[in-house]
Amino acid sequence: MSRPADESPSPAELAAVFHVATVHRDGETLRYFGDPLVPPRSVADELAPVFAEYGYDVELERQASAKPTDGGTPLDTHGQQYALVAEPTEASHDGVPWLNVALLLATIASTLYVGASGWYYIPVAEEPLRIVEAWPFVVSMLGVLGIHELGHYAAARYHGVDVTLPYFIPFPSLLGTMGAVINIRGRIPSRRALFDIGVAGPLAGLVATVVVTVIGLTLDPITVPQSVLDGGAEYGINFHDPLLLQGLQELVVVLGIGVEYGPRQAVHPVVFAGWAGMFFTFLNLLPVGQLDGGHIVRAIVGRRQETIAAAVPGALFALSGYLYLTRDAPPIGFGVWTLWAFWGVFATGLAYAGPAEPTVDEPLDRRRVALGVATFVLGVACFTPIPFEIVTA
């Protein structure tokens, strides 16, 4: 059953943006044939609030012909080249986002397990209740990731873009998680909105990362049990610090709030959560495809972003090859060169898929351009060509 005509926008309500010659209704779908009175790329964006009030999503289509949509009588387009196509908005599901909650709980569980067994050296199998002692690592790790994604979420909602809450990804190895993502379901109205959404995540995440790292550097170190040292492991992992982490280490020393490390002692696991936040920030700022860096560069330079994105896989493969040729072979055949080779393949796919496309493709203001450049400088401070290496124990 179709909605009554008075429950859909009238031509008069669209008159400032789109001149309507005729309206065609096909079930729940409405087509307003006519001519744009503003640049065509901005029509749908400007009229979206009007249609939203009546429960419709809207898109502007250019008419290739007047062929019918259902094989019946040809549509009366009055010779118009454009049509606003309005369809009922999919019903939103208010209430508890169960999938988000389930993934968050699973990620908390996996991060607790990894943190307790791998970073606090707790024998979880023998003392399972002690797993909760890893809560500082969990709060730090998921806090950094969550604040990053909530930065995107807040910016998207500010610009009226439909977006989901974060989906955390559990992964019971090394970090306990593979990160978190949000799904942008709505149209991005402008370069300004694309920039704000793209830059808000890294900046919010970096603030959280710095706070977490400084706190971690003031916490008492973890004593590595002698049983672990005598466990006979054939290899271990050494983590290398990026410039930002090195700078924060110097800062806490200057402020007199750092701690001293003795034999068999390691930094508090909260510091590693900060390290992971920096590593994720750098990867997200790669200027390719739908990554945060891709959004930012697309907003700054427009369609030239595709040229920049095409060079990213080559740079990653070159780094991978250089490390393969210049570093000693790791004891288990998996070296850091493999990491950059993987990201080279991943970046190739992202570059092929292309960047996000804003509805209104107008240049950014200078303040945002400057903020974008500063964000990439911070991203470089989070980079180290050898983030980790596998060594013989």
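Colleague: Which residue does Glu127 form a salt bridge with?

Modeller: In this predicted model, Glu127 pairs with Arg130, and their closest N and O atoms are 3.3 Å apart. Side chains of opposite charge can pair when their charged atoms come close.

Colleague: Are those two buried or partly exposed?

Modeller: Glu127 counts as partly exposed, because its relative accessibility is 35% and the range for that class runs between 20% and 50%. Arg130 is partly exposed too, with a relative accessible area of 29%.

Colleague: How many salt bridges does the count come to?

Modeller: The count comes to 6 salt bridges. One of them joins Glu357 to Arg303, with the closest N and O atoms 3.4 Å apart.

Colleague: Where do Glu357 and Arg303 lie?

Modeller: Glu357 is in the loop between α11 (336-353) and α12 (366-381), and Arg303 is in the loop between α9 (292-301) and α10 (305-326), so the pair ties together parts that are 54 residues apart in sequence. Glu357 is partly exposed at 34% relative accessible area, and Arg303 is partly exposed at 46%.

Colleague: What does Asp365 meet in a salt bridge?

Modeller: Asp365 meets Arg368, at 2.9 Å from N to O. Asp365 has a relative accessibility of 29%, which counts as partly exposed.

Colleague: Switching to rings. How many aromatic pairs are there?

Modeller: The count is 16 aromatic pairs. In one of them, the ring centres of Phe282 and Trp340 are 6.2 Å apart and the planes stand at 90 degrees.

Colleague: Why is that pair edge-to-face?

Modeller: Planes over 60 degrees apart count as edge-to-face, and the planes of Phe282 and Trp340 are at 90 degrees, so this pair is edge-to-face. Phe282 sits in helix α8 (residues 269-284) and Trp340 in helix α11, so the pair ties together parts that are 58 residues apart in sequence.

Colleague: Buried or exposed, those two?

Modeller: Both Phe282 and Trp340 are buried.

Colleague: Which residues do ring pairs link into a cluster?

Modeller: The cluster links Trp119, Phe137, Phe239, Phe272, Trp275, Phe279 and Phe280.

Colleague: What about the largest nonpolar core? Which residues touch the most other members?

Modeller: The core has 56 residues, and Met141, Val288 and Trp340 touch the most other members. At least two residues of this core come from each of α3 (98-119), α4 (135-158), α5 (191-218), α7 (243-254), α8, α10 and α11. The most comes from α8, with 11 residues. In soluble globular proteins, nonpolar side chains tend to be buried together.

Colleague: Last one. Where does Cys382 lie?

Modeller: Cys382 is in the loop between α12 and β10 (388-392). Cys382 is buried, with a relative accessible area of 3%. The C-alpha atoms of Cys382 and Leu244 are separated by 5.7 Å, and these residues are 138 residues apart along the chain.

How values were computed:
Residues numbered from 1 in each chain as written. Predicted model: local features only at pLDDT ≥ 70, side-chain atom pairs only at ≥ 80, totals over all residues. Heavy atoms only, no water. Salt bridge = Lys/Arg side-chain N within 4 Å of Asp/Glu carboxyl O. Buried < 20%, exposed > 50% of the residue type's maximum accessible area, 1.4 Å probe, protein only. Helix = DSSP H or I, 4+ residues; strand = E, 2+ residues; numbered from the N terminus. Phe/Tyr/Trp six-rings, centres within 6.5 Å; stacked < 30°, edge-to-face > 60°. Core = buried A, V, L, I, M, F, W, Y, C linked by side-chain atoms within 4.5 Å.
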